[in-house]
Structure formats: C-alpha cells, structure tokens
Amino acid sequence: MNIQENISLKKYNTFGVNVNAKRFISVDSVYKLQQLLKDEKDLFLLSGGSNMLLTKNIEKLVVHLNIKGISIDKEDDNFVYLTVNAGENWHEFVLWSIEQGYGGIENLSLIPGNVGTCPIQNIGAYGVEVKDTITKVEAIEIETNKLVSFSNEDCAFGYRNSVFKNDAKGKYIITSVGFQLSKSKHKLNTSYGAIEKELSKRNIQNPSLKDISDAVIAIRQSKLPDPNEIGNSGSFFKNPIISIELFHELKSKYPTLPSYPVSDSEVKIPAGWLIEQSGFKGKRFGEYGVHEKQALVLVNYGNANGEEIYQLAQHIQNTVKENFKIGLEIEVNIIR
Ligand code: EPU
C-alpha cells in the first residue's frame with residue numbers, strides 16, 4: 001500500500017482550501033479498498049471533494065476513491081442498465097451517456113463531483129433529481145468489509161437527502177452506482193423556466209438530449225462559478241421549506257418573495273433570494289465571499305481558510321433568521 005505523508009488537499013476539494021492530509025492514499029479498485037480496510041478503519045473518505053468545506057488538517061488516513069469504469073449490465077429496446085464505478089467524474093459520465101443516446105441525466109450536466117457521491121445528497125438541478133435514474137448503490141460496509149447493495153428504495157432519497165446522510169452515515173463506502181437510462185422515448189424535462197428560455201433563445205423546438213445538456217451548461221456557466229477558477233461547493237445552503245402560514249405572512253410584507261409549492265401546508269423558498277435580500281450577494285471579505293451572480297454560493301478567491309468561510313455561513317444564517325424567521329440549513333459537509 002502506497003501511503004503518502006503530508007499531502008496538500010487543495011487540488012482535491014473544489015473549494016480550494018489548503019489543508020494537509022497527515023497520511024493519504026489513492027485507491028483504484030474494490031479489492032485494494034478491502035485490503036486497506038483490513039488494517040485501517042478510521043478513514044476520511046475523499047471523492048470529488050465537491051461538497052465539503054475543510055477547516056483544518058486531516059489527522060485520519062485520507063482515502064481518495066479513484067475506482068473507474070462503466071459497464072453495461074443489460075439493455076432492451078427502451079432502456080439500458082449501467083454500473084458506474086464511484087471514481088468516474090459525474091459530468092464526463094453525463095456527456096458519455098448523451099453521446100451513446102442514453103437519456104435521463106442530461107439536466108444534471110456540469111455538476112461537479114464524482115459518481116460515487118451523487119446518491120449521498122441526491123444531486124438535482126433544473127427539475128431533475130438523480131434518484132429518478134438510480135437502480136442500486138453498491139458499497140462496502142466498513143465494519144464487516146463486505147460488499148452490500150442498496151436498492152433505490154433502501155436509499156430513502158429526499159430533497160438533497162438520502163440514507164447515506166442519516167442512518168448509514170459513516171458506515172459505508174460507496175463503490176459503484178447503478179443507473180437505468182432511456183434509449184428511446186426519452187422523457188425530456190424542459191419545463192424549468194431557465195431551460196425553456198435558453199432553448200427558445202436558441203430557436204430549438206424539439207430539443208435533443210445534447211440540446212438540453214448544452215442549454216443547462218450555458219445556464220450554469222452564466223450563474224455558477226467554475227471551481228477551476230473560483231473555489232466553491234455549489235449551493236452552500238438548502239432551499240428551506242416553510243409553513244404556508246409563515247409564507248403568507250412574509251409574502252404580504254415582501255410581495256416579490258419567490259416560492260415553489262411542496263404540499264398543501266408547505267412551500268419551498270429559494271435561499272438565494274433570502275440571502276440576496278439580506279444584502280450579502282456579491283459581498284467580498286478579502287479572500288472569500290458570496291458569489292455575485294448566485295447568492296447561494298460561497299466562494300474562495302484563492303487563499304481563504306475554511307473556518308472563515310464557515311463563520312460567514314453562520315453570519316448569513318443569523319441574519320436571514322432575524323430578517324425572515326427562517327433557519328437556513330447548510331448543505332455542504334463542514335469538516336471541523
Ligand atoms: N435567487 C435570487 N438571488 C440569487 C439566487 C437566486 O433572488 O442570488 C432566486 C431567484 O428568484 C431565482 C430563484 O432564486 O429565480 C431560483 O434560483 P436558481 O434557479 O438559480 O435555483 P436555486 O433554487 O437557487 C437550486 C439548486 C441548484 C440548482 C438550481 C437549478 C438547491 C440548494 N440548489 O438553486 O443546485 O442548480 O436549483 O435547478 O436546491 C447545488 O446544489 O450545488 C446547486 C447548484
């Protein structure tokens with residue numbers, strides 16, 4: 001086993017925070033991972049590093065999950081069933097699927113991170129969540145070192161949520177994800193306002209999978225910072241779900257308050273709006289700040305440390321709470 005010492009994790013987390021791993025190993029097969037688990041159980045798992053904020057050096061052994069490969073398990077006229085290993089880059093997998101003519105994940109283009117972590121927070125964008133295409137999640141149970149399989153139902157998916165953030169947290173290492181993608185009669189999802197607008201701007205009436213992907217890429221590039229240029233972890237907070245009573249109270253005070261229906265008694269509010277109205281959008285505090293085009297995204301301009309970004313997040317939470325009586329939940333994993 002090739003364990004390295006004192007490795008900077010700056011290039012392994014999309015926030016670009018410079019902390020060190022005391023010990024670091026990159027693992028490229030399930031077999032090697034199981035060999036490692038025989039000796040080491042107290043691990044810090046690192047995949048695409050796109051949903052974490054590191055605030056200090058990591059004392060545990062950092063295991064970079066780098067298991068690659070895509071296989072076709074079966075297919076019929078309408079669907080293909082794939083197993084995709086955890087270390088595959090998410091966006092490259094999306095582009096590959098589109099090239100093959102496989103549909104279902106085109107709206108999830110350009111999301112940073114790797115395939116192995118997509119089920120944990122049930123990545124979603126532009127009217128689609130990854131849970132709708134996942135058939136199974138394979139993982140090693142750390143305690144027993146055995147490979148186990150979760151069905152879609154076992155994953156208990158919710159909005160930016162799954163069993164891997166709850167009961168199963170810290171107990172498994174995801175090694176691959178199974179997908180069911182369409183080969184024909186694709187169910188295109190173009191009803192999200194921004195996609196509709198982008199397609200009509202491009203004069204596209206009957207979009208292909210690639211047209212939708214291109215539109216999503218253009219929308220994301222216009223709003224969200226590229227982690228290769230400005231460190232970030234996408235949406236830092238979840239969009240809060242509030243009671244209809246509080247919604248009516250706020251709406252009469254703030255008529256422009258946007259909302260999405262959730263149920264008869266609840267609505268979802270864009271956190272970006274609450275943060276913008278609280279005066280944070282585009283605010284820069286030295287090396288870190290709030291993105292100028294999307295207030296839900298906190299950014300590292302280069303040399304910020306994670307702790308100060310976390311303090312800004314808390315300041316935003318307190319201010320939004322005071323202004324709107326809404327508690328914002330942090331979506332990114334804070335490593336303290
Ligand atoms: N808004 C503002 N100011 C802002 C940002 C947003 O007022 O600075 C308001 C606007 O009214 C806008 C509405 O929020 O119409 C919605 O904004 P947007 O379409 O950008 O989506 P979002 O709700 O802010 C969510 C996801 C994103 C995903 C987009 C598109 C969460 C936490 N975030 O953001 O996911 O790309 O929808 O579907 O649900 C991510 O998770 O990292 C992520 C980027």
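The sulfur of C118 lies 9.7 Å from the closest cysteine sulfur, that of C155, which is too far for a bond; a disulfide is a pair of cysteine sulfur atoms within 2.5 Å. C155 is likewise in no disulfide, and a search of the whole structure finds 0 disulfides. The model is predicted: local features need pLDDT of at least 70, side-chain atom pairs count only at pLDDT 80 or more, and totals for chains, interfaces and linings use all residues. Residues are numbered from 1 along each chain as its sequence is written, and side-chain values use heavy atoms, with hydrogens and water left out.

Buried means under 20% relative accessible area, exposed over 50%, and partly exposed in between (1.4 Å probe, protein chains only).

| Residue | Relative accessible area | Class |
|---|---|---|
| C118 | 1% | buried |
| C155 | 0% | buried |

An open sheet is formed by 5 strands in the order β6-β7-β12-β10-β11, with antiparallel pairing. Strands are DSSP runs (E, at least two residues), as are helices (H or I, at least four), numbered from the N terminus; two strands pair if DSSP finds at least two bridges between them. At the edges, β6 (70-75) and β11 (146-151) each pair on one side only. Within the sheet, β10 (residues 134-141) and β12 (residues 172-182) are joined in the antiparallel sense over 7 bridges. S176 in β12 is the bridge partner of E138.

Helix α2 (residues 90-100) lies across β6, β7 (79-85) and β12 and runs at about 20° to β12. Here contact means heavy atoms within 4.5 Å; axes are lines fitted to C-alpha atoms, for helices over the stretch in contact, and angles run from 0 to 180 degrees between N-to-C directions.
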